[in-house]
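Here is a report on helix packing, aromatic pairs and a few selected residues. Please keep the sequence and the model open while reading.

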Amino acid sequence: MISLFSLMAIFISLVGVFGLILFETEYRKKEIGIRKVMGAGVEDILIMFNKTYFHIVTLCFLIGAPIAWYSVAKWLENFAAKTPMYLWVFGIAFITVAFIVMITVTLQNWRAATENPVNSIKSE
């Protein structure tokens, strides 16, 4: 049951991240078009967006990891059989989430960055 609900929570959070990235890409499509007209390459646009989201993921991890560590430590104190908490679990979680977010950002923004900039600029 715990594994099932954990996977459901991860899936729901990834759908939320996907929705946020899709919304921001659509919102900033005109900016991407103007950057392309001014000479920015697809790589430059992807790096810009990936850096932004990597900073967000890192900040969220730095806030959430100590809270999760403390909460789980307090919760585990109630059990007779003590089990240790390993720091590498948090590291793997951060790497996994950062990897998934970077792939999502790259795929969504690559689609917008390879589009003809005229289409996004003339949409008013």
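## Helices α1 and α4

Helix α1 passes α4 in a right-handed crossing. A crossing is right-handed if the near helix is turned clockwise from the far one by less than a right angle, and left-handed if anticlockwise. The α1 and α4 axes lie 10 Å apart, and the packing angle is about 30°. The two helices, α1 and α4, are therefore roughly parallel to each other. The angle classes are roughly parallel under 35 degrees, roughly antiparallel over 145, roughly perpendicular from 65 to 115, and oblique for the rest.

This is a predicted model: local features need pLDDT of at least 70, side-chain atom pairs count only at pLDDT 80 or more, and totals for chains, interfaces and linings use all residues. Residues are numbered from 1 along each chain as its sequence is written, and side-chain values use heavy atoms, with hydrogens and water left out. Helices (H or I, at least four residues) and strands (E, at least two) are DSSP runs, numbered from the N terminus. Axes are lines fitted to C-alpha atoms, for helices over the stretch in contact, and angles run from 0 to 180 degrees between N-to-C directions.

Asn109 is in helix α4. With a relative accessibility of 0%, Asn109 counts as buried. Buried means under 20% relative accessible area, exposed over 50%, and partly exposed in between (1.4 Å probe, protein chains only). What does the side chain of Asn109 make a polar contact with? The partner is the side chain of Thr25, at 3.0 Å. A polar contact is a pair of N or O atoms within 3.5 Å; within protein, one must be able to donate a hydrogen and the other to accept it, and residues adjacent in sequence count only if both atoms are side-chain atoms.

Glu26 sits in helix α1, residues 2-27. Glu26 is partly exposed, at 41% relative accessibility. Along the chain, Glu26 and Ala112 are 86 residues apart. Their C-alpha atoms, those of Glu26 and Ala112, are separated by 8.1 Å.

## Helices α3 and α4

Helix α3 covers residues 42-76 and helix α4 covers residues 87-113. Their axes come within 9 Å and cross at roughly 150°. That makes α3 roughly antiparallel to α4. The crossing of α3 and α4 is right-handed. Which residue classes make up the contact of α3 with α4? It has 21 nonpolar, 4 polar and no charged residues. Ala, Val, Leu, Ile, Met, Phe, Trp, Tyr, Cys and Pro count as nonpolar, Asp, Glu, Lys and Arg as charged, and the others, Gly among them, as polar.

Ile45 belongs to helix α3. Is Ile45 buried or exposed? At 1% relative accessibility, Ile45 is buried. Ile45 and Asn109 are 64 residues apart in sequence, with a C-alpha to C-alpha distance of 7.8 Å. Lys51 is also placed in helix α3. Lys51 has a relative accessible area of 51% and is exposed. Lys51 and Met102 are 51 residues apart along the chain, and their C-alpha atoms are separated by 9.0 Å.

## Helices α2 and α3

Helix α2 spans residues 29-37. It packs with α3 at an angle of about 140°, with the axes 10 Å apart. The helices α2 and α3 are therefore oblique to each other. The α2 and α3 crossing is right-handed.

## Aromatic pairs

Rings of Phe, Tyr and Trp (its six-membered ring) pair if their centres lie within 6.5 Å; planes under 30 degrees apart count as stacked, over 60 as edge-to-face and the rest as tilted. By this rule the count is 6 aromatic pairs. The ring centres of Trp75 and Phe79 are 5.2 Å apart with planes at 85°, so this pair is edge-to-face. Phe79 is partly exposed, at 39% relative accessibility. The ring centres of Tyr86 and Trp88 are 6.0 Å apart with planes at 25°, so this pair is stacked. Tyr86 has a relative accessible area of 44% and is partly exposed. Trp88 is exposed, at 54% relative accessibility.

Ring pairs also link Phe54, Phe61 and Phe94 into a cluster. Phe61 is in helix α3. At 26% relative accessibility, Phe61 is partly exposed. Phe61 and Phe94 are 33 residues apart in sequence and 6.9 Å apart in space, C-alpha to C-alpha.
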